[in-house]
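Look at the structure first, then read the points below.

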Amino acid sequence: FNPVDPNIFWTTCQQAGCLYRTTRSANGHGLNVSYRGFSVSGDTRKRFLPPLVIDRSTPATMYYGTYRLWRTLTEGSPGSWTPVTGALSKGSGYINTIAVAPGDSRVIWVGTSDGNVQRSNDLGATFALVSLGLPNRTVTDIAVDPADANRAVVTFSGSGTPHVYLTTDQGATWTNISSNLPDLPFNAAAS
């Protein structure tokens, strides 16, 4: 959902670059659906339903993940999607989750299906690998503290390792906060 206008919401579908913008009419009766997708020729490494994230501070800015990160500054208007990065996975994976810091849109976190966690402090111009000390598992979610973009919680799939980690220093160090949680995959974190 658009964080400013709840009458606007988005959906993705299984084909890479497949996006739809849906607008509810002012009186609540009827929907206007428009295709806002784009061609991602060669970007075949992706989640079945790739992640799409709207920047809460600037809702026209959106991010979409394949094995690299894509961005639009105009709500996906035709021709506006551009790749921001090269491959962010370890080689065979894809972006599984994207998080834009609610309090600082310059800060973007990405987690991949093959265990990479990366962070950008410059709107995606550069990314730093911040996975040291984390499990080599699918990153299922990243939640960034709304008041402090240096603080984030990351969750992991799989079993046999802890599943929830916290950083307070931009991912330089991580603390296992799984405590007595069961050894089950964790698929979501909240900020």
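Strand β14 and strand β15 (residues 175-176) pair in the antiparallel sense over 2 bridges. The model is predicted. The points below set this pairing in its sheet and then turn to the disulfide.

**The sheet**

- The open sheet has 4 strands in the order β12-β13-β14-β15, with antiparallel pairing.
- β12 (139-144) and β15 are the edge strands, and each has a single partner strand, so one side of each lacks a neighbour in the sheet.
- Strands of a sheet pair through backbone hydrogen bonds, in either a parallel or an antiparallel way.

**Pairing, strand by strand**

- β12 and β13 are joined by 5 bridges in the antiparallel sense, and V144 stands opposite A152 in β13.
- Strand β13 (residues 152-156) pairs with β14 over 4 bridges, again antiparallel.
- Y165 in β14 has V154 opposite, and the bridge partner of Y165 in β15 is N176.

**Side chains of β14**

- In a regular strand, side chains alternate between the two faces of the sheet.
- In strand β14 (residues 164-167), V164 and L166 point one way, while Y165 and T167 point the other way.
- These residues, V164, Y165, L166 and T167, are all buried.

**The disulfide**

- A disulfide is a covalent bond between the sulfur atoms of two cysteines.
- The count here is 1 disulfide, and the cysteines joined are C13 and C18, with an S to S distance of 1.6 Å.
- The link of C13 and C18 is right-handed, with 100° about the S-S bond.
- Both C13 and C18 are buried.

How values were computed:
Residues are numbered from 1 along each chain as its sequence is written. This is a predicted model: local features need pLDDT of at least 70, side-chain atom pairs count only at pLDDT 80 or more; totals for chains, interfaces and linings use all residues. Side-chain values use heavy atoms; hydrogens and water are left out. Buried means under 20% relative accessible area, exposed over 50%, partly exposed in between (1.4 Å probe, protein chains only). Two strands pair if DSSP finds at least two bridges between them. A disulfide is a pair of cysteine sulfur atoms within 2.5 Å.
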